Amino acid sequence: MSGGLFVAVEGPNGVGKTTAVARLADRLRANGRAVHVTTEPSDTPLGRLIRTSEGSLTGRALALAVAADRYAHLEAEILPALAARKVVISDRYVQSSLVLQRLDGLPLREIWQHNAHVPPASLSFYLHHTPEVLRQRLEQRSRRSRLERVGSPRRELDLYDDAFAFLAARGWRQARIDCRDLDPDGVVTQLLQHLEQLEP
Ligand SMILES: Nc1ncnc2c1ncn2[C@@H]1O[C@H](COP(=O)(O)OP(=O)(O)O)[C@@H](O)[C@H]1O
Ligand SMILES: Cc1cn([C@H]2C[C@H](O)[C@@H](COP(=O)(O)OP(=O)(O)O)O2)c(=O)[nH]c1=O
């Protein structure tokens, strides 16, 4: 992908995506890599509008807004950073839509159509944990989003499994990371091992 490396970090709410993204970036920087950390929804006016409207923007309208944000994010931020040969790490990408928009009532194939022109990441990580641990972590959060309340850890994991298989069938390069018994550094060590296999 234009000289850089594009890493997506996916998985259910509370699994440790944000933690893993920050630590992966630290480890790659310590190894001398130029890293660009980003998130979806993006840190732009549209991305911020999606975050603040998530209670009222629902279903197809939310799905299309998230897809529009993704195309803009690619154009304005991800592809230029890749062209500058950076490692881009995104906290959430297409697999998240294949789950969250389904929780919001859309069929998988329609969500896929909205994302039909989105390039795959170089490698997409699916972080996995038990529903019991995910539930405990979510209970500790002071604020839960509408989709966190609509879904449940078990339902989210089922939909992530579906999305993983769906993307695999379309040739997306993915790795499923079982986070049980791994502290944050242990998770990142596994991510780095997978990334080393990509880069000779
Ligand atoms: N590997 C891990 N082991 C134990 N706790 C973790 C691990 N990764 C993250 N956590 C904790 O779990 C909670 C959710 O992590 P977070 O990175 O915010 O998840 P997400 O971004 O997927 O919602 C935080 O309290 C974080 O400190
Ligand atoms: C990336 C993404 C986000 N969203 C929406 C729903 C989420 O509740 C909202 C914010 O994403 P989320 O990652 O849950 O936010 P936070 O970083 O605050 O935990 O964006 C989707 O509906 N589909 C997507 O693909």
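**Close-up views of a predicted model**

**View 1. Residues around ligand 2.** Ligand 2 has 14 residues around it, and those that come nearest are Glu 40, Ser 96, Ser 97, Leu 100 and Ser 145. The coordinates are those of a predicted model. Three helices each supply at least two residues of this shell: helix 2 (45-53), helix 3 (59-83) and helix 4 (94-103). Helix 4 gives the largest share, with four residues. By class, six residues of the shell around ligand 2 are nonpolar, four are polar and four are charged.

**View 2. Residues around ligand 1.** Ligand 1 is surrounded by 14 residues, of which Val 15, Gly 16, Lys 17, Thr 18 and Thr 19 are the closest. Two or more residues of this shell come from each of helix 1 (17-30) and helix 9 (184-198). The largest share, three residues, belongs to helix 1. The shell around ligand 1 divides into five nonpolar, six polar and three charged residues.

View 3. Strand 1 covers residues 5-10, and six of its six residues are buried, so the strand is largely enclosed by the rest of the structure. Leu 5, Val 7 and Val 9 point one way from strand 1. Phe 6, Ala 8 and Glu 10 point the other way, and the residues of both sets are all buried.

**View 4. Pairing of strand 1 with strand 3.** Strand 3 spans residues 87-91 and runs parallel to strand 1, with five bridges joining the two. One of the residues to look for is Ala 8, whose bridge partner in strand 3 is Ser 90.

**View 5. Pairing of strand 1 with strand 4.** Strand 4 (residues 123-128) is also a partner of strand 1, and the two pair in the parallel sense over four bridges. Here Ala 8 stands opposite Ser 124 of strand 4.

View 6. An unreviewed UniProt entry lists residues 9-146 as "domain: Thymidylate kinase-like". Over this range the chain is 54% helix and 13% strand. The end C-alpha atoms of residues 9-146 are 21 Å apart.

Terms used: Residues numbered from 1 in each chain as written. Chains lettered and ligands numbered in written order. Predicted model: local features only at pLDDT ≥ 70, side-chain atom pairs only at ≥ 80, totals over all residues. UniProt positions renumbered as here; feature names shortened; annotations may be inferred. Near = placed C-beta within 6 Å. Nonpolar A, V, L, I, M, F, W, Y, C, P; charged D, E, K, R; others polar. Buried ≥ 20, exposed ≤ 12 C-beta atoms within 10 Å, placed from the backbone. Pairing = 2+ DSSP bridges.
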